[in-house]
Amino acid sequence: MNTALLVMDYQNGIVERLGTDEGLAAATAAVSAARERRIPVLFVRVAFRPGAPEAAATNKMFGGMASRMAQQSPDATEIHPAFGAGDDDIVVTKLRVSAFAGSDLEVLLRGLDVRDLVLCGIATSGVVLSTVRQAADLDFGLTVLSDACVDSDPEVHRVLLEKVFPRQADVVTTAEWTASLG
């Protein structure tokens with residue numbers, strides 16, 4: 001099998017601010033289904049060195065990261081405990097919105113001989129959108145798990161899942177994806 005599941009930005013600080021119980025339940029179900037079928041699961045998180053020297057002041061999203069880091073809990077960038085991530089799990093650290101930006105994700109996927117990606121994450125309009133676009137440009141086959149994606153804007157979430165993503169990815173629920181695995 002040449003498929004991997006990317007669980008993106010389901011880290012403590014983001015789940016606390018933007019996550020939903022339903023999204024977390026769907027994402028954990030996807031991880032369980034992948035693990036049962038020996039599909040590689042890669043957890044993607046955004047994190048910076050102390051003081052966030054990677055975050056340019058001109059970057060609207062990340063420019064104030066150094067001061068925000070001082071206010072966040074020490075485990076804010078850790079993968080949410082609901083996933084039971086262990087030492088054998090692959091955790092990719094990115095430095096921007098896309099799972100590929102500033103990370104070794106593409107190298108890992110080549111090393112695992114992955115050709116198809118199944119994506120879920122927080123937020124639909126952030127990491128999911130950016131990663132779908134970049135992964136499509138890198139010629140990966142794509143599936144987006146609609147119920148395991150969460151966004152603070154329901155209308156943007158709907159438009160992306162119904163109108164934008166289907167141009168580059170199959171959009172299915174976690175249950176539909178799990179059923180397709182046989």
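The model is predicted, so local features need pLDDT of at least 70 and side-chain atom pairs count only at pLDDT 80 or more, while totals for chains, interfaces and linings use all residues. Residues are numbered from 1 along each chain as its sequence is written, and side-chain values use heavy atoms, with hydrogens and water left out.

The protein has seven helices and six strands. Both are DSSP runs numbered from the N terminus: helices are H or I runs of at least four residues, strands are E runs of at least two. Along the sequence the elements follow the pattern β-α-α-β-α-β-α-β-α-β-α-β-α. Of the 182 residues, 46% are buried. Buried means under 20% relative accessible area, exposed means over 50%, and partly exposed lies in between (1.4 Å probe, protein chains only). The accessible surface comes to about 9,100 Å². Carbon and sulfur atoms hold 50% of that surface. These areas come from the Shrake-Rupley method with a 1.4 Å probe, and for residues only the protein chains shown count as cover. A contact means heavy atoms within 4.5 Å. Among contacts with a separation of 6 or more, 77% join residues 24 or more positions apart.

Helix H2 covers residues 21-36. Its 16 residues should span 22 Å at 1.5 Å a residue, and its end C-alpha atoms are 22 Å apart, which agrees. The expected span is 1.5 Å times one less than the number of residues. The buried residues of H2 are Gly 23, Leu 24, Ala 26, Ala 27, Thr 28, Ala 30, Val 31, Ala 33 and Ala 34. Their cover includes strands E1 (3-8), E2, E4 (116-122) and E5 (141-150), as well as helix H7 (174-180). Just after H2, Arg 38 takes a positive phi of about 60 degrees.

Thr 28 sits in H2. Leaving aside residues up to four places away in sequence, Thr 28 touches Ala 82 and Phe 83. Thr 28 and Phe 83 are 55 residues apart in sequence, but their C-alpha atoms are 5.8 Å apart in space.

Phe 83 also takes part in ring pairing. A search of the whole structure finds three aromatic pairs. Rings of Phe, Tyr and Trp (its six-membered ring) pair if their centres lie within 6.5 Å; planes under 30 degrees apart count as stacked, over 60 as edge-to-face and the rest as tilted. Tyr 10 and Phe 83 form an edge-to-face pair, 5.6 Å centre to centre with 75 degrees between the planes. Tyr 10 lies in the loop between E1 and helix H1 (12-18) and Phe 83 in the loop between H3 and E3, so the pair ties together parts 73 residues apart in sequence. Both Tyr 10 and Phe 83 are buried. The rings of Phe 43 and Phe 83 have centres 5.5 Å apart and planes at 65 degrees, so this pair is edge-to-face. Phe 43 lies in strand E2, and the pair links parts of the chain 40 residues apart. Relative accessibility is 0% for Phe 43 and 3% for Phe 83.

Salt bridges number eight. The rule asks for a side-chain nitrogen of Lys or Arg within 4 Å of a carboxyl oxygen of Asp or Glu. Asp 89 bridges to Arg 35, with the closest N and O atoms 3.2 Å apart. Asp 89 lies in the loop between helix H3 (65-71) and strand E3 (90-94) and Arg 35 in helix H2, so the pair ties together parts 54 residues apart in sequence. Arg 35 is partly exposed at 31% relative accessibility. Glu 78 bridges to Arg 45, with the closest N and O atoms 3.8 Å apart. This pair links distant parts of the chain: Glu 78 is in the loop between H3 and E3, and Arg 45 is in strand E2 (residues 41-46), 33 residues apart. Glu 78 is partly exposed at 41%, whereas Arg 45 is buried at 18%.

A further salt bridge joins Arg 158 and Glu 155, whose closest N and O atoms are 2.7 Å apart. Both residues lie in helix H6 (residues 154-164), three residues apart, about one turn of the helix. An α-helix has 3.6 residues a turn, so residues three or four places apart point the same way. Arg 158 is partly exposed at 30%, and Glu 155 is partly exposed at 45%. Glu 155, Arg 158 and Glu 162 are linked in a network of salt bridges.
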